[in-house]
Amino acid sequence: MLKEQLQKFFKIDRRWIFLLLAVTLFVPIMKPLGLPNKTISPATKRVYENLEKLPAGSFVLFSLDYDPSTRPELHPMATALVRHAFSRNLKVGVVTYIAGSTGLIEELFAKVSREYNKVDGQDYVIFPYQPNILAVLTQMSSDLYGIYSKDRNGTPVRDMPVLKGIKSYKDMSVIVCVTGTAILDYWVAYVGDKYRVPVAGGVTAISQPGYGPYLQTNQLKGLIGGMKGAAEYESLIKQPGKGTSGIDALNLAHLLVLALIFTSNILLILIRYL
Amino acid sequence: MKLIKKQIPLAIVFITGVLTLVSYYVPHKMSVNYIETINKWENIVVAFAFLLGLVSLFFSHYNKISRKVDGWGYSIFVFIGFLAMVVPALVSQGKQMTDTGFTALGWSYKFIYTSLSGTMFAVLAFYIVSTAYRSFRIRSLQAFVLFIAAFILILGKVPLGQIIWDWVLGWTGRGVNDVIEWIMQVPAVAGKRGIMIGISIGAIVTSLKIIFGIEKQYMGKD
């Protein structure tokens, strides 16, 4: 009798679980818990230190390759990285190999450049989307202007103050790729290793474990992973943003997943031995 | 005929393959110029491939609509979605923002593309949680090990989990981050490295087979 009743729990309409998750996510978004992020992972700290040690005026290339589907995880870390670069008065270049990311890049720079009074063409440049990443990465090793002669608005880039003295990778101080795809692997293999340029990354939490080998061998000079990584970077630059607030929703969602796995397995054990 | 259909394409692949491979390792002006030329050719080919894909997509969905096959209504949205982004892009000349705010393209991007893309991805979260309850069964030692690793990672990735860990297992003197660091640095890296080496060897072997004409499937059946 009890066994049959317990078995009913496995036949529960999945929409009840959907509702439970929706409520679990909705509550902290509306009323954040504000739990402190106590620890900062060494990999995130390495990205921060790589930017922090650069002298003002150094050129940093950001490869922002994510679209709205991974925006909640990756946009906060990209925002924090650009804020850090601008606060250190670094010159910033932006490339992208995902067509869907162009709008997010526009949005990011429209906001952050105003916060730091940075001028397009003088302090930063946004290059247009390019398909065929491998050809572009290879081309940039010898002549950046061979592939990027104009910025995303069609303005010639060769004489822009932000690009003064920048011709190829050897003139760049750090490259940071924020992506939910395998594009970071290309930066490591085709650029970092071959031309000895420091490459750091920011990736979704799900792809973070895959970059362990690159971190161990120092082929990757740091890695920001998922929303937690974004929150960590925000706390390093002392500017809480969407990463910090988003982690509240993750708090409860993660615990809900664990609670559901526990519940279903305990029910299974009870059914088996009753 | 055999010369045109088989031997010349194989010769082109062999010469291009060897030259490109060698250019990667030879830092000479000639190899740099060669790579630059090949890159430009590649970009042109990619542009044509993109156009070909687009035409093929349209034909496929046009046929579904004209023959009214099951689910033909969804094919209409392929054209609606395409027009909803391409028309504003043409009107705005590819610009998403001006000093006054969003252009038509910027508006379409923010309020159509972003919303749709975000929604599609967010739906995954619901299925993951539902699957966690319905399908994650610890029935073997391997499943148990997987569960323990997943449990620690899920718990340690959020501040609330870290607080719970310290409360329950604080007496061990090990923080959850120390355990996560070990999982990521030792077993995860070992597994990932094995996979990476396997994939790389496979890719090298396949590339060599294509360059030396052992693998010819890309040429078709004729």
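**Figure 1. Strands β4 and β5 of chain A side by side.** In this predicted model, strand β4 (residues 174-179) of chain A runs parallel to strand β5 (residues 199-203) of chain A, and 5 bridges join the two. Have a look at A:Ile175, which stands opposite A:Val199 in β5(A).

**Figure 2. The sheet of chain A.** Stepping back from the pair, we find an open sheet of 6 strands in chain A, with parallel pairing and the order β3-β2-β1-β4-β5-β6. The edges belong to β3 (124-126) and β6 (223-225) of chain A; each has a single partner strand, so one side of each is left without a neighbour in the sheet. On average, neighbouring strands are turned by 15° against each other, direction ignored.

**Figure 3. Two helices on the sheet of chain A.** Helix α3 (residues 42-52) of chain A packs on the sheet and touches β1 (59-65), β4, β5 and β6 of chain A. Its direction makes about 130° with that of β6(A). Helix α5 (residues 102-115) of chain A, for its part, lies across β1, β2 (91-95) and β3 of chain A, running at about 165° to β3(A).

**Figure 4. Where chain A meets chain B.** Here 47 residues of chain A are in contact with 47 residues of chain B. On the chain A side, α2 (14-30), α5, α6 (133-140), α8 (212-216) and α10 (242-273) each supply at least two of the residues that touch chain B. The most comes from α10(A), with 13 residues. Sorted by class, this side of chain A has 22 nonpolar, 19 polar and 6 charged residues.

Methods: Residues are numbered from 1 along each chain as its sequence is written. Chains are lettered from A and ligands numbered from 1 in the order in which they are written. This is a predicted model: local features need pLDDT of at least 70, side-chain atom pairs count only at pLDDT 80 or more; totals for chains, interfaces and linings use all residues. Two strands pair if DSSP finds at least two bridges between them. Helices (H or I, at least four residues) and strands (E, at least two) are DSSP runs, numbered from the N terminus. Axes are lines fitted to C-alpha atoms, for helices over the stretch in contact, and angles run from 0 to 180 degrees between N-to-C directions. Two residues are in contact if their C-beta atoms, placed from the backbone, lie within 7 Å. Ala, Val, Leu, Ile, Met, Phe, Trp, Tyr, Cys and Pro count as nonpolar, Asp, Glu, Lys and Arg as charged, and the others, Gly among them, as polar.
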